[in-house]
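Hi,

Here is the structure I promised to pass on. Please open it first, then read my notes below.

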Amino acid sequence: MIERDYIKRIIQQFFEVLDAVLNKAQRDEPSIEHTHQQLNDLCLRYIQTDLDSLLHLPIAEFNAHIAELTGQPTERSMANLTMLTELLYHHATLMPQCTAEHLSKALYALQQLDHSSQTFSLVRQQRIAALKAMKDKGNMPLA
């Protein structure tokens, strides 16, 4: 019970910080590099993984990393996957240097989270549809 509360608090804290980063990016329009660095810092801080490294992994290795998180769906691994999908989604939708491969990785991670999660999320469904539409049109980024 204590671990579950701790994980929920970490996720809540993550979303508060992410919200602040995204609001600042919209309000102050910092450089794209600065926003990307903040997303990478969040990934390092909360997931202990370098976002840039994940984005540059070959697709097969990236998929294996995601499968590792979903293979044993503990609360901690699902929390990490939830936070990672948020970062990948926002990277895909905000960064002009987002490639089709980055988009595919964000989409795959979201789909795996959707498949593994015990809860339904309309927001997650909408994001999957948006990423699929971006991928089909070849448009990047959304914002």
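**The largest pocket**

The lining of the largest pocket divides by class into 10 nonpolar, eight polar and six charged residues. Keep in mind that this is a predicted model. In total, 24 residues line the pocket. Those nearest its centre are Met78, Thr82, Leu113, Ser117 and Thr119. Which element gives the most to the lining? It is α5, with six residues. The volume of the pocket comes to about 590 Å³.

**The chain as a whole**

Now for the fold around the pocket. The chain has seven helices and zero strands. Along the sequence, the pattern reads α-α-α-α-α-α-α. The radius of gyration is 15 Å, close to the 15 Å that the globule rule gives for 143 residues, so the chain is as compact as a globular protein of that length. If you want dimensions for a figure, the C-alpha trace spans about 40 × 30 × 30 Å along its principal axes.

Contacts and surface come next. Take the contacts between residues at least 6 apart in sequence: 68% of them join residues at least 24 apart. Of the 143 residues in the chain, 41% are buried. The chain exposes about 7,900 Å². Carbon and sulfur atoms supply 52% of that area.

Start with Arg127. This residue sits in helix α7. Is Arg127 buried or exposed? Its relative accessibility is 16%, and the cut-off for buried is under 20%, so Arg127 counts as buried. Leaving aside residues up to four places away in sequence, Arg127 touches Glu86, Tyr89, His90 and Leu110. Look at the Glu86 contact in particular. Arg127 and Glu86 are 41 residues apart along the chain, and their C-alpha atoms are separated by 9.9 Å.

Next is Leu103, in helix α6. Leu103 is buried, with a relative accessible area of 1%. How far apart in space are Leu103 and Tyr89, C-alpha to C-alpha? The distance is 8.0 Å, and the two residues are 14 apart in sequence.

Most residues other than glycine have a negative phi. In Gln48, phi is positive, near 60°. Gln48 is exposed, with a relative accessible area of 55%. The cut-off for exposed is over 50%.

**In short**

The chain is made of seven helices, and its largest pocket is lined by 24 residues. Arg127 and Leu103 are buried, whereas Gln48 is exposed.

Best wishes

Notes. Residues numbered from 1 in each chain as written. Predicted model: local features only at pLDDT ≥ 70, side-chain atom pairs only at ≥ 80, totals over all residues. Heavy atoms only, no water. 1 Å grid on protein atoms, 1.4 Å probe; cavity = no way out; pocket = protein on both sides within 12 Å on 5 of 7 lines; lining within 4 Å. Points joined across faces, edges and corners; volume = space filled by probe spheres on them. Helix = DSSP H or I, 4+ residues; strand = E, 2+ residues; numbered from the N terminus. Nonpolar A, V, L, I, M, F, W, Y, C, P; charged D, E, K, R; others polar. Rg over C-alpha atoms; globule rule 2.2 N^0.38 Å. Buried < 20%, exposed > 50% of the residue type's maximum accessible area, 1.4 Å probe, protein only. Contact = heavy atoms within 4.5 Å. Areas by Shrake-Rupley, 256 points an atom, 1.4 Å probe, with all protein chains shown as cover.
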